[in-house]
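Visitor: I have not looked at this structure before, and I would like to learn how to read its features one at a time. Could you take me through it slowly?

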Amino acid sequence: MAAKGSEEKTQFQEMEEEATSAAEKDIESEQEEGMGVEDSSEEEDESSEDEKENEAEIQRLEEQLSINAFDYNCHVDLIKLLRQEGELLRLRRARQKMSELFPLTEEIWLDWLKDEIRMTEEEPNRGSIYELFERAVKDYICPEIWLEYAQYSIGGMGAPGGIDKVRSIFERALMAVGLHMTKGAALWEAYREFENAILATVQPPAGSVPTREQQELVNAQLERIHMLFRRQLAIPLMDMEATRAEYEEWSDRGVEETITQQYKKALQQMEKYRPFEEALLVAEPPKLAEYQAYIDYELKEGDPARIQIIFERALVENCLVPDLWAKCTKYLDRQLKIRDLVLSCHDRAVRNCPWTMDLWRNYLLALERHGAEHQVVTGSYPGITGCKAGGIHSEQDAIPSQGTFEKALNAGFIQATDYVDIWQAYLDYLRRRVDFTKESSQQLEELRAAFTRALDYMKQDVEERFSESGDPSCTIMQIWARIEALHCKNIQKARELWDNIMTKGNAKYANMWLEYYNLERSYGDALHCRKALHRAVQCTSDYPEHVCEVLLTFERVEGSLEDWDIAVQKTETRLTRVIEQRAKVAEKEALLAQQEEEKTEQRKKAKAEKKAQKKTQKMGRTGEKRKAEDDDEGEEWGEESEQPAKKHRGEGDPSLEDAATEELMETESGLYGRKTGETLSSRKARVAAEVTRRAQDAARDKRDDGASVFVSNLAFSMEDPEKKMRDLFQDCGSIEQIRPIYNTRGTFRGYCYVQFEDKASVPNALKLDRREVDGRPMFVSPCVDKNKNPNFKVFKYSTTLEKHKLFISGLPYSCTREQLDELCKEHGTVKDIRLVTNRSGKPKGLAYVEYEDEAQASHAVLKMDGMLLEGHTLTVAISNPPRRNVLDKPDGSRAPGAVMPRQVYGARGKGRTQLSMLPRALNRQAGAEPKAENGTLQNPGTAGASGFEAQTKSLSNADFSRMLNKK
């Protein structure tokens, strides 16, 4: 690989030197032609300013790449800017650096190839272009690149062996992309056109008699063209009918029966594939779901060539999806097992998704499975003791001679545990190379050096980057100790390693001591087993009883009477101490709980005293005020008794009459204050409100919570909410009733219940959650009795790490869902986006973006964190919601979850003094609290929330007098 890399660099340097002078002249002439002779000085100034700005941007991008060479977007922007400026030398270097780290897209390769072809049109330079094409076709299987390759090779057909070279390239192209359902036909047609052109050159002039040799050449060429037609017609491709018609027109001997049968068979296959191809045509990029369905179908069919081509088509549009690469490499590893094909696919996988540890681990296994050279796996870095985990830091880090494992360490994984896993895979590879029958070997020393380097790397680089150890249980060190004990028979080294493990905070865990004990039991002696168990009894804090039991069991089998006595004494002492410690902890916890209870009781007592004091002061003021008002109230009642009652509109309606009677009674009782000064319109409004309330009560009796939804966060000013809700929910199913909630004054309270005739309509209604209505989001939730289900929540926040979901902050308030989707879908398949808003619908500058898997989300974090959007710097992280602790505060005055009774106010609402105008003799205790659900009473007829409204029997003045006299 090192030799190949040096040859490529030498060739590119030669190409640069040869093309520099000509390219610079072309650029100067193009600039002169573009500017013209009559350009003004202002245009020259503007162009110079643009050049300065572009140069500054180029320098900024180059500096950024020197810090992080794996910034894909930065590479693309730099190449685009350099091509725009015509900086050919720097453009070549930029493309070369990017191609060493990433597979280039079809667009970048075609631009690069066309630029190089224009600059090297002379014959001696065609070899370098061929090599560039060979690199291009290895990155992705693209029909356009193969077609460009074949057409370029036609230009060199005049050289010795040129025709054979062209045919060889066409055959390779057909093998790679000839089965491409939509684009493969173009290659077949180009190949036939080339052969037809050759046929025209070998045919004798018109009117002449061909010689035998000429006739043989013509017949051989005709047979080649016939063969191309036969091969193409046997493959299911789009527009096969046109190819068949062309063959019938071209052939002078007709179409053979065997060709017709193959053609019909291909047509039948084409009909099977047509639904998948049509789905791809209408789908939006990257079409991952459609490709997945197509791949699953091809896997069932089992044609290796077609499976490979559909995988390649999917990877071209989904090159940053690690799961797709893993699926493809898994198929190649288990089914085809072709060395070049398998290793090439693994290499492209890790270059496209370097942050995915699983792809690197599978690559190492594939290299070992196919017998790759040790240098390819390890690289030429025997003296390196560690590399930065954050990525490559210099140009030397990215040279092609770097081994696969070294590239994996520099890939920049997103979790500390990924480094543990990749080190384990590498150490497993080195262990399998060692011949342990020999006491000492180079491979064994290399393995031990790798273990030492792994421990240093985890301690220094990984902990420095992640601020945590990716291997808290020292898994790597445990493997090393077991290898030393099992294979090397070096139990002393294994003991030293286990001593080191215990000093890293693992001595308090019983399972770690038992692992060490099992190692000694298998490869050590009874003395060290006993020592390990005695240390475990003294140090274990999580399960000391279990360790003590293991020690006693060991002494029963192995120990003497003296050993047994010592073990019993130590275990009893340890367990006694453990019991005492646990008792102290329990006592301390009980003391803290008691102190907390005492504080709670003191707070309750102080609150009750304060409340009683306020009540005493309030009653004193109430008595003084009542004394001054008694005369006025007596006069008013006298006037009311002398005047006849007035009739109101709608008096014929019994419900209205009852409402008016209750209204009059409540006024006389003083519940709603004085009657003097109350207008007829206000009385009518109150009667209308009472009618509305009774209608709501009647509707509640018919309600079905299972077929209902609760709608909230609606505007209080909404006109005719029932009609508005009916228009919104009519598409969800047949509506049984809509219950808007009003207050006592008839004002809409901003929420309602929508009940359907069928429970199946509820899921459709829930889909309207957060739809904007009158400028604010409407909340739609299931209708659930929260008294029966106190823990029910419509939206439950996750309290664990959501690896497939991103939390984005710092968004501009003007950012829309579509704008954010365009930004995020570049890094993977976006399943859902939720912009966080307040209750009025205004954005908070926050959003949650859910990807299809955690690898895409991790890649998006690397690419989007710190990005600028409309002048705002975005902060992007994996979603990790904080825990929500709901503390249940004890309250002796009411049961947990009980609904506080509403305070009853007068007709004018909440008064300034908040003093009750109702005589205490009439102030009855309310009954059991009614059950409420989302703000509605289940049994409104039994609720005593508004004084005498719950009474079914009207009281006369005589009844009031008797009640007052009882006082």
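Guide: Let us begin with the surface, keeping in mind that this is a predicted model: the protein exposes about 55,500 Å², and carbon and sulfur atoms supply 50% of that area.

Visitor: What share of the 967 residues in the protein is buried?

Guide: Buried residues make up 39% of them.

Visitor: Which residues of α16 are buried, and what covers them?

Guide: The buried residues of α16 include Val342, Leu343, Cys345 and His346, and what covers the buried residues of this helix includes α4, α6, α14, α15 and α17. In α25, the buried residues include Cys529, Arg530, Leu533 and Val537.

Visitor: How are two packed helices described?

Guide: They are described by the angle between their axes and the distance between the axes. Here, the axes of α22 (residues 475-486) and α24 (residues 510-523) come within 10 Å and cross at roughly 10 degrees. Because angles under 35 degrees count as roughly parallel, α22 is roughly parallel to α24. The contact is made by Gln478, Arg482, Ala485 and Leu486 of α22, together with Met512, Glu515, Leu519 and Tyr523 of α24.

Visitor: Turning to strands, is β5 (residues 776-782) mostly covered or mostly uncovered?

Guide: In a regular strand the side chains alternate between the two faces of the sheet. Strand β5 is mostly covered, with five of its seven residues buried.

Visitor: Which strands pair with β5, and in what sense?

Guide: Strand β1 (residues 708-712) pairs with β5 in the antiparallel sense over four bridges, and Val711 stands opposite Val780 in β5. Strand β4 (residues 771-773) also runs antiparallel to β5, joined to it by three bridges, with Val773 opposite Arg776. Between β4 and β5, which form a hairpin, there are two residues, and Asp774 in the turn has a positive phi of about 55 degrees.

Definitions and conventions. Residues numbered from 1 in each chain as written. Predicted model: local features only at pLDDT ≥ 70, side-chain atom pairs only at ≥ 80, totals over all residues. Heavy atoms only, no water. Buried < 20%, exposed > 50% of the residue type's maximum accessible area, 1.4 Å probe, protein only. Pairing = 2+ DSSP bridges. Contact = heavy atoms within 4.5 Å. Areas by Shrake-Rupley, 256 points an atom, 1.4 Å probe, with all protein chains shown as cover. Axes fitted to C-alpha atoms, helices over the stretch in contact; angles between N-to-C directions. Parallel < 35°, antiparallel > 145°, perpendicular 65-115°, else oblique.
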